[in-house]
Amino acid sequence: MHRDSCPLDCKVYVGNLGNNGNKTELEGAFGYYGPLRSVWAARNPPGFAFVEFEDPRDAADAVGDLDGRTPCGCPVRVELSKGEKRSPNRGPPPSWGRRPRDAFLERNNKLS
């Protein structure tokens with residue numbers, strides 16, 4: 001099932017994972033609260049995940065119990081998903097901007 005097809009009251013955002021969160025750990029921590037539809041953990045850049053529950057009551061219980069706890073080794077932010085998507089005008093994540101644009105263009109011009 002595609003991750004956007006779940007009702008928002010069943011979808012939980014997990015933030016501040018750092019590099020610690022993986023799908024298996026999240027399934028174990030959140031599966032305690034009820035059956036899961038899916039778990040998606042970001043890898044590039046890492047640091048957040050979405051967990052989809054079958055029942056909105058289970059999602060609410062997980063948010064109440066796990067927010068601020070350390071299910072993956074560091075305190076995480078857990079909240080019901082707001083359903084907001086990244087704006088296409090926002091640009092790439094900050095981790096992509098490690099090299100200034102001028103240096104990038106200068107390097108590519110030398111290769112031409």
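Predicted model: local features only at pLDDT ≥ 70, side-chain atom pairs only at ≥ 80, totals over all residues.
Trainee: Which residue of S3 stands opposite serine 38?
Mentor: Serine 38 has glutamate 52 of S3 opposite it.

Trainee: OK, and what is the strand order in the whole sheet?
Mentor: The sheet is open and has four strands in the order S2-S3-S1-S4, with antiparallel pairing; its edges are strand S2, residues 36–43, and strand S4, residues 77–80, each of which pairs on one side only. From one strand to the next, the twist averages 15°.

Trainee: What does helix H1 touch there?
Mentor: Helix H1, which covers residues 23–31, packs on the sheet and touches strand S1 (11–15) as well as S2, S3 and S4, while its direction makes about 140° with that of S2.

Trainee: And H2, which strands does that one lie across?
Mentor: Helix H2, residues 56–66, lies across S1, S3 and S4, and runs at about 150° to S4.

Trainee: Switching to phenylalanine 50, where does that residue lie?
Mentor: Phenylalanine 50 lies in strand S3, which spans residues 46–53.

Trainee: Which residues does phenylalanine 50 touch, leaving out those up to four places away in sequence?
Mentor: With those neighbours left out, phenylalanine 50 touches Lys11, Val12, Tyr13, Ser38, Val39, Trp40 and Ser81.

Trainee: Take valine 39 from that list: how many Å separate its C-alpha from that of phenylalanine 50?
Mentor: The C-alpha atoms of phenylalanine 50 and valine 39 are 5.9 Å apart in space, although the two residues are eleven apart in sequence.

Terms used. Residues numbered from 1 in each chain as written. Heavy atoms only, no water. Helix = DSSP H or I, 4+ residues; strand = E, 2+ residues; numbered from the N terminus. Contact = heavy atoms within 4.5 Å. Pairing = 2+ DSSP bridges. Axes fitted to C-alpha atoms, helices over the stretch in contact; angles between N-to-C directions.
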